[in-house]
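Good morning. Please have a look at the chain on the screen before I start talking about it.

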Amino acid sequence: MNDLDPLAALSALRTAEGAALLASLASYDPADELAVATRLRRDHPAALVSAALGQARLRQRAAAKFGAEDAGRMFFTPNGVEQSTRRTVAEYRAARFAELGVRSVADLCGGIGGDALALARAGIRVLAVDRDPLTAEAARANAAALGLADLIEVRCADVADVDTSGHDAVFVDPARRGGRGRIFDPEAYSPPLSWAVGAARARPHAALKVAPGIPHEAVPEGAEAEWISDGGDVKEAVLWFGTSPGTVRATLLPGTHTLTGRGLPDPGVRPLGRYLYEPDGAVIRSHLVAEAAEELEGGLIDASIAYVTSDVLRPTPFATAYEITDQLPFGVKKLKALLREREVGNLTVKKRGSAVEPEELRRRVRPQGPRAATVFLTRVAGAPAMLVGRPV
């Protein structure tokens, strides 16, 4: 029997038989798929079994973004798993909308509903729009599966045809991938950034999700720009309208730590101190290293390298601190001898401003021993250097 087309497969999985099949696959091991499929096909149509196995795999992948409980009830498409907003980030954004007094949001390019679900859980009414029929149906299924259908209306339509005048705010998440991979030009997004900005300015409040690599000069006038990281990984940038025009923020999750720009000049270069601080990626992307350095009473090790050095150890959510024990000019033999002397076998290699690949360096020094260390391949005052230390 041929596989079901994607829309028919999604519909079949929402039947009692499909739901029972999915429930039975909640903890199955994909390595055993052939044996599992053979067993299930004795009692269920082959096409339904194939659809259930595919959905079970997607749910397992989605657990990292949505949590096992939600992912185990939701419906996904391959693109939906890859492109949807991580739950922690969506919840943070929904909370910001709620704090602004927003009661209804037009979620344009809503995908499988990750942001719509978070908005609804914050008590906000949502119109979720996507032009792809399968994606829209998955969003509708997810709203129902999580008991949020009363707050989420899903519409399959082109966002350009949607009237948003009945909503307090809009949220736009343009597609940033094409047939050749990631799209870096904001005007090549679908829809283009200029269209999204126009939609944002038509409502009292708005948020536009953009790639974290967006050039600062591309941030529209009057927008607040916020870079968000989760667990140390930069996830996205958001352009807010109707909040704090011209403000730049770096927000770190979990815990919601926010660093706000104050227009400080670039920090100066100073001699290497006892501690080296590696700023979070959101701090670097938002160009707020100067604000972080001021908090740490530090300066840069090199004018073009975003490592902050200081003589003081100061706990901060915005950077990871390392105590530096050795500074060496670049040279594999010297590093290898030092690591052997220190009995370092667990070696973490970080680089910034160096062409040497960490794995290549590890292969050449062949660390052995019971101790751990971190080596930074970087530049200090313009000269290639290796800094050895440990996290504190």
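Helices (H or I, at least four residues) and strands (E, at least two) are DSSP runs, numbered from the N terminus. This is a predicted model: local features need pLDDT of at least 70, side-chain atom pairs count only at pLDDT 80 or more, and totals for chains, interfaces and linings use all residues. Residues are numbered from 1 along each chain as its sequence is written, and side-chain values use heavy atoms, with hydrogens and water left out.

I begin with backbone geometry. Most residues other than glycine have a negative phi, and most peptide bonds are trans. C109, in the loop between β1 (104-108) and α8 (114-121), has a positive phi, near 65 degrees. Is C109 buried or exposed? Buried means under 20% relative accessible area, exposed over 50%, partly exposed in between (1.4 Å probe, protein chains only). C109 has 16% relative accessibility, so it counts as buried.

E297 also has a positive phi, near 55 degrees. Its place is the loop between α12 (289-295) and β13 (299-302). At 48% relative accessibility, E297 counts as partly exposed.

Next, the cis peptide bonds. One runs from S190 to P191, with omega near 0 degrees, and P191 sits in the loop between β6 (181-182) and α10 (193-201). Another runs from L253 to P254, with omega near -5 degrees; P254 belongs to the loop between β10 (248-253) and β11 (257-260).

Now helix α3, residues 33-40. Its buried residues are V36, A37 and L40. Seen down the axis of α3, they fall within an arc of 100 degrees (taken from the directions from the helix axis to the C-beta atoms), so they line one face of the helix. The face turned away from that buried side carries the exposed residues L34 and A35. What do the buried residues of α3 pack against? They pack against α2 (16-24) and α4 (46-66).

Last, the cores. A nonpolar core is a set of buried Ala, Val, Leu, Ile, Met, Phe, Trp, Tyr and Cys residues joined through side-chain atoms within 4.5 Å. The largest one has 57 residues, and L25, F76, F97 and I152 have the most contacts inside it. Helix α4 gives the most to this core, with nine residues. Apart from it lies another core, of 44 residues, among them A157, V159, V170 and A225. In soluble globular proteins, nonpolar side chains tend to be buried together.

Technical notes: Contact means heavy atoms within 4.5 Å.
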